[in-house]
Amino acid sequence: MPAISERARIVPASPIRKLVPFANAAKARGKKVLHLNIGQPDLPTPAVFWEALQKAQPKVLDYTESGGMPAFREAYARFYTDIYHIPLEAGHFLTTTGGSEALLFAFLTLLNPGDEVVVIEPTYANYIGLSKATGITLRPVESFIEEDFALPSPQELEAALTERTRAILLCNPSNPTGKLYSEAEVRQIGELCRRNNLFLISDESYRDYCYDGEKFFSALEIEGGDAFVVVVDTLSKRYSACGARVGALISRNTEIIEAALKWAQARLAPPTLGQIAGIALLSLPSSYYESVRETFQRRRNILTEGLRSIAGVTCPTVQGAFYLMPRLPVSDSDAFAQWLLERFDINTTTIMIAPGTGFFSQPEKGRQLVRIAYVLDEPYLEQAVEILRAALNIYAREQVPIL
Ligand SMILES: Cc1ncc(COP(=O)(O)O)c(C=O)c1O
């Protein structure tokens with residue numbers, strides 16, 4: 001057989017999905033697996049989604065315009081204006097197949113192969129994969145669990161810039177750390193971009209998940225940022241609608257939107273059904289977001305408290321998204337995550353977690369970290385903590401002790 005491409009060879013497997021065969025084998029052996037490994041919220045997708053689909057019943061499931069249905073883009077603009085108080089127009093939105101495609105279009109539209117992008121690590125694993133696929137070099141600046149994954153200082157960020165740097169890619173709140181960056185920090189990054197003539201790609205997929213009364217500040221709110229700010233958005237997490245596969249690339253710089261439209265045309269159209277039902281989701285009242293936020297804040301509290309009650313576990317204090325990234329008393333989080341699926345259970349139940357290695361360009365930096373998604377109801381999270389506590393106890397006895 002001819003050789004597959006170099007880029008296909010170097011793209012890493014998703015750290016979240018690579019344990020799936022072990023989870024499937026565990027289930028085939030009769031185990032129950034609590035999935036804390038993937039950012040798939042468990043809440044029911046709001047009823048208006050299904051009602052809109054039933055009402056629409058299109059005779060032909062046709063393509064929509066490549067940039068999205070006008071009615072969908074208008075609903076998106078109204079949503080941003082009314083719910084987030086960020087005045088935007090339909091023309092500022094390019095409809096995409098989830099935030100994933102918005103990221104791909106941002107990379108393809110703003111960057112050339114060989115260009116560099118500064119990211120904060122640990123980082124969303126797909127940024128690493130996407131950069132490899134598009135020939136872009138990520139320049140990671142590390143954040144640390146001891147500092148609750150705080151934003152690195154402006155000096156550290158500035159030190160990562162080279163003459164090839166074209167953008168800063170910020171995930172706010174962060175997947176995988178759960179860190180929420182403040183208004184002052186977002187402004188600071190905006191200032192850095194302005195001074196150095198860089199794009200700011202702000203992935204705000206989790207912006208509805210901010211806790212302890214903290215207010216989210218979008219990069220779209222940076223005064224004078226219209227030319228260089230690009231936001232990645234999605235309906236996936238906001239509405240527990242990951243399978244709808246709709247999101248948007250957003251910018252007030254319409255030159256960017258028009259250029260990205262060419263990539264959108266090459267893939268013809270975003271999902272029609274997701275857009276039809278997405279219009280109904282984008283029209284939900286603000287009370288919806290409030291109740292989701294409260295649910296996840298309670299879960300974060302339970303999980304943080306639970307993790308901190310386990311000997312040897314360090315759990316940061318974070319206020320966003322639905323992830324926690326604790327440090328465990330293990331020397332290899334990949335081996336531990338696999339062991340949990342293959343060798344451990346309490347009354348036939350075990351947990352699946354994401355090893356920290358996949359969230360770094362240098363995997364060894366994440367050897368003791370794991371990412372836990374609190375996408376299950378409270379009793380399951382309590383059960384998961386007890387499983388982890390017992391597992392760590394037994395694992396420590398089975399393994400060579402860490403020096
Ligand atoms: C930070 C971040 N950005 C973007 C996405 C893309 O999600 P989707 O393609 O479902 O919108 C995800 C999904 O997990 C994510 O965590």
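A polar side-chain atom of Thr234 is placed 2.5 Å from a ligand oxygen atom, a polar contact being a pair of N or O atoms within 3.5 Å. The model is predicted, with local features requiring pLDDT of at least 70 and side-chain atom pairs pLDDT 80 or more, while totals for chains, interfaces and linings use all residues. Residues are numbered from 1 along each chain as its sequence is written, and side-chain values use heavy atoms, without hydrogens and water.

Arg245 also brings a polar side-chain atom to 2.7 Å from an oxygen atom of the ligand. In Asn175, a side-chain N or O atom is 2.7 Å from a ligand oxygen atom. The protein buries 92% of the 400 Å² that the ligand exposes when taken alone (Shrake-Rupley method, 1.4 Å probe).

Around the ligand there are 13 residues, of which Gly99, Ser100, Asp203, Tyr206 and Thr234 come nearest; a residue is near if one of its heavy atoms lies within 4 Å. By class, this shell holds three nonpolar, seven polar and three charged residues. Helix α5 (residues 98-110) gives the most to it, three residues, where a helix is a DSSP run of H or I with at least four residues.

A cavity is a set of points on a 1 Å grid where a 1.4 Å probe fits but cannot get out, and its lining residues have an atom within 4 Å of a point. The largest cavity has a volume of about 60 Å³. Among its lining residues are Val119, Tyr124, Cys171 and Asn175. Strand β5 gives the largest share of this lining, three residues.

Key:
Polar contact = N/O pair within 3.5 Å; in protein donor to acceptor, adjacent residues only side chain to side chain. Helix = DSSP H or I, 4+ residues; strand = E, 2+ residues; numbered from the N terminus. Nonpolar A, V, L, I, M, F, W, Y, C, P; charged D, E, K, R; others polar. 1 Å grid on protein atoms, 1.4 Å probe; cavity = no way out; pocket = protein on both sides within 12 Å on 5 of 7 lines; lining within 4 Å. Points joined across faces, edges and corners; volume = space filled by probe spheres on them.
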